[in-house]
Each structure stands twice: as structure tokens, then as C-alpha cells.
Amino acid sequence: MNANLFARLSASIASPDATAIETITGEHISYADLVARTGRMANALAGLGVKPGDRVAAQVEKSVEAIVLYLGTLRAGGVFLPLNTGYTPAEIDYFIGDAEPALLVCDPARREALQATADKAGAAMATLDVRGGGTLMEAAAAAAEVFATVNREADDLAALLYTSGTTGRSKGAMLTHGNLVSNALALRDTWHYSDRDVLIHALPIFHTHGLFVATNVTLFSGASMIFLPKFDADLVLKLMKRATVLMGVPTFYVRLLEHGTLSPGTTRNMRLFVSGSAPLLAETHREWLARTGHAILERYGMTETNMNTSNPYDGERVAGAVGMPLPGVELIITSPETGQHLPQGEIGMIEVRGPNVFKGYWRMPEKTAAELRHDGFFITGDLGKVDERGYVHIVGRGKDLIITGGYNVYPKEIETEIDALPGVLESAVVGIPHRDFGEGVIAVIVTTGKVSLSQEDVLKSLETRLARFKLPKRVVFVDDLPRNTMGKVQKNLLRETYGDLLGA
Ligand code: AMP
């Protein structure tokens, strides 16, 4: 059997005339149409010199054609490398130099700025604009529709996704056809996805969430998705009347809650709200339930592993927890110091193993060896615990752990206490250099603006709830926390901005 994701996908199509993708301008692309377009694309790519195993890098806006490029690349046996549209040409230069793609696809407006980069890496260039125009689409329009999908093994590469890399060089995670297909099927079954589903797709497609979770799960179910260029709360609310699923980062839910019109009525047709990529505040989960009657289903994953855990579809969706391992995924908690398996209930490093786990980092054998154990367990870098009911709780990134005066402080514990204070919208706790303690705890707080809060108020409330060494040495009030496009709080930026606050 051909293990190529595209071959598996096309074999699963039961209703070729059903809509796969709908655009906000009202265009409907059927499954048959999608197959035809990917055939033309695969021929065009081959014509541009893309051979099986070659990387195809794309820095393009979200569009149906960008999905056709993704699927066409896989169909031609290539390895798809999506690049964040926010990256500057200087940043792109690093990725292209590292990945050495056969082809770089970019917006026509960027072509000149990226030409030297492509030349240096020996990559051909083609363009694709947001309306589906450009030299790549001209080549595809002129190409034949018939294309024999290239044979791939489950272990062959399908995609190279660079991690967001908040520290050090960004690493290329090598994802195989087997990784992507197994995860799409596990999520489809876990979330009871069917061909009756209509997804509101408002995520970017250069990241695992929008490209693999949202797109692959929908297509492997014969469902359809409404493609929004970007998140737009008004539009999402309107679309809920005829959609069934929303997949979002926590920020989506916070923004939607700010809307007066959100109610059980507006969400009546919806079946499932999924959140991931960053922690969903328990408060947001509860507010959403109160306002709509729906419990948001939170799941946990990462670029290297696809999705690892999910709250249950039928059982209790616990606020502040990320659920249980998906079918086929093993999850253990180990000591960050010794790597020893820790007993249930203890906080430690989350490690996962399964068909979802990537093959390693592109051209970084040492990094791969350091994070991917011989027995197949991947050291995620996330700290967490498993409760007595089997739900996984994440307490933060390993690198965000604060060690102050020799004590370990988990930022999440302090953030949870601060977030529960009246007048606090959200908070981020980080460690910054401290002369005596090595690191000192500081808290950065966003208030609701409804209650006046001072550093003294916050510390007074925390004093009775937290051990002294965990108390923030300083409290800073800000309007917003810095976030990346996936809604993750950029703690590295906070550490930079407030690094001198404790005078070390
Ligand atoms: P990325 O590779 O960009 O998808 O980032 C993966 C990281 O996002 C994980 O290692 C976690 O730290 C974080 N993450 C993803 N989903 C969740 C979640 N539901 N709750 C908390 N953190 C999450």
C-alpha cells in the first residue's frame, strides 16, 4: 500500500462532489476538484525540478491554493516546508540555507528580496499571491490533471516544520507521512468527526495546528472547512450558525467572550469547540460554559509530536487539564535530573512515544539524540503531572522553571493564584537574575481595569496562600502580555524587558 498521505486521503474520499473547502467569497471546492488541482500542482512542481525527497519551501498567505501546494507537494513525493508569513527576508535566509529546498514559493512582492537567498541555496523560485495568482499557478493551470501519486513509505518525510524557537536556533522537525496520517485518524475518531462536520478554519496554515490538526482531520473525515484569511470574531460568530466545529488558540475564545452576542443561541448549531497551542485559562473555560452551554475541549501537542493528549469527547472536559493520551500515544512523567520514571501525581518532564512522534531534527543529530531517546520517547520540554483520574496537567515549559535560592518554582502555580484575584485578567510569572538567589520571581499582570490593584494588594493576597520563596519580588502591571501568532505568551520577551528589575 502506498503510505503517501495524499494516497491515503484520496482513497478515503467517499463523496467526490462534497465540498472540501469553502472560501469567504463563496467559492466551493469539492473533493474531486481538490484532487484535480493537486494533480496539476504536482505536475507543475515536477516541471520546476522537484523530485521525491526534495523540500518545497513556501512563504505564502493563507489560501486554497496554498493547501493545493501542500497536498501537491506530498503527491509529488516532496517535503512541504511552510514558513511563517511574518518572517523577514533575513530570517527566511536561515531556513532556506538550512533546508536547501529545490523550490522556494513566495508572494510576488517578496520575490526580489528573496532571490539572492534562493540562488545561494540553489533553489528555483515561483510565486503565489493571496488571490491564487503568480507564476506557480500559471504553471499549474497549463499542466495536466493526471498525476500518479509518488509511492512513499510511512517513514518517509512529508513535512519539515521549524519550531518557533524562542531560545537558540529554530530547529526543523522532520515529520513523516506515518506521523501525519496516524494523528489525523486518531483525532478524527477521538473527536467523533464525520462528513457532516463544517469547520470554521481561522488559524494560520504555516503551523501544525492549522495545517495538520485542522486541515488533515477535516479532509480525512470527508468534512468541509470554511477558510478565513485570519481570525475575525464577528465573522466567526456569524458562521457558527451553519458550522459545527471551531478549532482555536485560547485568544480566539477570549476575543469571542468579549462579544455581547455570544450566547447559547449563536452556538446552537455548533458541536465542538477545541482549544490548543497555548494554555487555556480555567476561567475562560468556565466563562465559555456559562455563556454558551459548551465545554471547550482542550488538547495538547507540539510541532515535533503532533497531538499527544485530548480531553474526552464524551467524558468530563476538565478546565485547566489537557486530557488523556490519544490512542497509540504513551505518556510518562520523568525526573528532569535523572530521567527516572516518576510516580503518578508528581511533577516532572512529560515524555511521549507513539506513531505521532517525529523522526528527529533536520541535520541536527546531537539535538535529536539529546531529546529523542533510543527507546522512542521524546522529551517534550513541558513539565506536568498526571492526576489520579489520568488527566494530564501542564505546569509550564522546562525552560520557564524558576530556580530561586535553590528552590524550584513552577510559574503556573503562582499564575493560577494571581489569576483568581479580583480585578486580574491574566498574568505571567518569570524568573529574572537576582544577586542573592540566582533568580528571583516577578509577576507581570494585566488587570480587568474594573478594580484598582497595587503590588501591595497582590502580595498581601498571595502571602497566605503561597510559601515565601514563591512570592513575586516585584509586580508589574501592563496592558497586554506579548504573544506570538499562536497565542503563546512570549516569556523570553518578558525576561528581556524586565531583566534588570531586581538590580542583579
Ligand atoms: P508548537 O510546537 O509551536 O506547537 O508549541 C508546542 C508547545 O505549546 C508545547 O510544547 C506546549 O508548551 C504548548 N502547548 C500546546 N498546547 C498546549 C495546551 N493545551 N496547554 C498548554 N500548553 C500547550
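A residue is called buried when its relative accessible area is under 20%, exposed when this area is over 50%, and partly exposed in between, as judged with a 1.4 Å probe and protein chains only. The structure described here is a predicted model, in which local features need pLDDT of at least 70 and side-chain atom pairs count only at pLDDT 80 or more, while totals for chains, interfaces and linings use all residues. Residues are numbered from 1 along each chain as its sequence is written, and side-chain values use heavy atoms, with hydrogens and water left out.

Helices (H or I, at least four residues) and strands (E, at least two) are DSSP runs, numbered from the N terminus. Asn306 belongs to strand β14, which spans residues 306-310. Asn306 is classed as buried because its relative accessibility is 2%. The phi of Asn306 is positive, about 55°, although Asn306 is not a glycine.

Strand β14 is part of an open sheet of 9 strands with mixed pairing, arranged in the order β2-β1-β10-β9-β11-β12-β13-β14-β15. The edges are formed by β2 (28-30) and β15 (324-325), each of which pairs on one side only. Two strands are taken to pair if DSSP finds at least two bridges between them. In general, strands of a sheet pair through backbone hydrogen bonds, either parallel or antiparallel. Within this sheet, strand β1 (residues 19-23) and β10 run parallel and are joined by 3 bridges. Glu22 stands opposite Ile226 in β10.

Ser221 counts as buried because its relative accessibility is 11%. A polar side-chain atom of Ser221 lies 2.7 Å from the backbone oxygen of Val217. This distance falls within the limit for a polar contact, a pair of N or O atoms within 3.5 Å; within protein, one atom must be able to donate a hydrogen and the other to accept it, and residues adjacent in sequence count only if both atoms are side-chain atoms. Gly222, which follows α8, has a positive phi near 70°.

A further set of parallel pairings involves strand β5 (residues 103-106). Strand β3 (residues 55-59) runs parallel to β5 and is joined to it by 4 bridges; Gln59 has Cys106 of β5 as its bridge partner. Another 4 bridges link β5 to strand β6 (residues 124-127), also in parallel, and here Cys106 is partnered by Thr127 of β6. In a regular strand, side chains alternate between the two faces of the sheet. Both faces of β5 are covered: Leu103 and Val105 are buried on one side, and Leu104 and Cys106 are buried on the other. Together with helix α5 (residues 111-121), β5 and β6 make a right-handed β-α-β unit. Right-handed here means that, with the strands pointing away from the viewer, the path from the first strand over the helix to the second runs clockwise.

Gly97 is located in α4 (residues 89-99) and counts as partly exposed because its relative accessible area is 44%. Gly97 and Ala123 are separated by 26 residues in sequence and by 9.8 Å in space, C-alpha to C-alpha. Glu100 lies in the loop between α4 and β5. With a relative accessibility of 38%, Glu100 is likewise partly exposed. The phi of Glu100 is near 45°, a positive value in a residue other than glycine.

A nitrogen atom of the ligand lies 2.7 Å from a polar backbone atom of Arg299, and a backbone N or O atom of Ser277 is 3.2 Å from a nitrogen atom of the ligand. An oxygen atom of the ligand is 2.9 Å from a polar side-chain atom of Lys488. On its own the ligand has 500 Å² of accessible area, and the protein covers 92% of this area. Accessible areas come from the Shrake-Rupley method with a 1.4 Å probe; for residues, only the protein chains shown count as cover.
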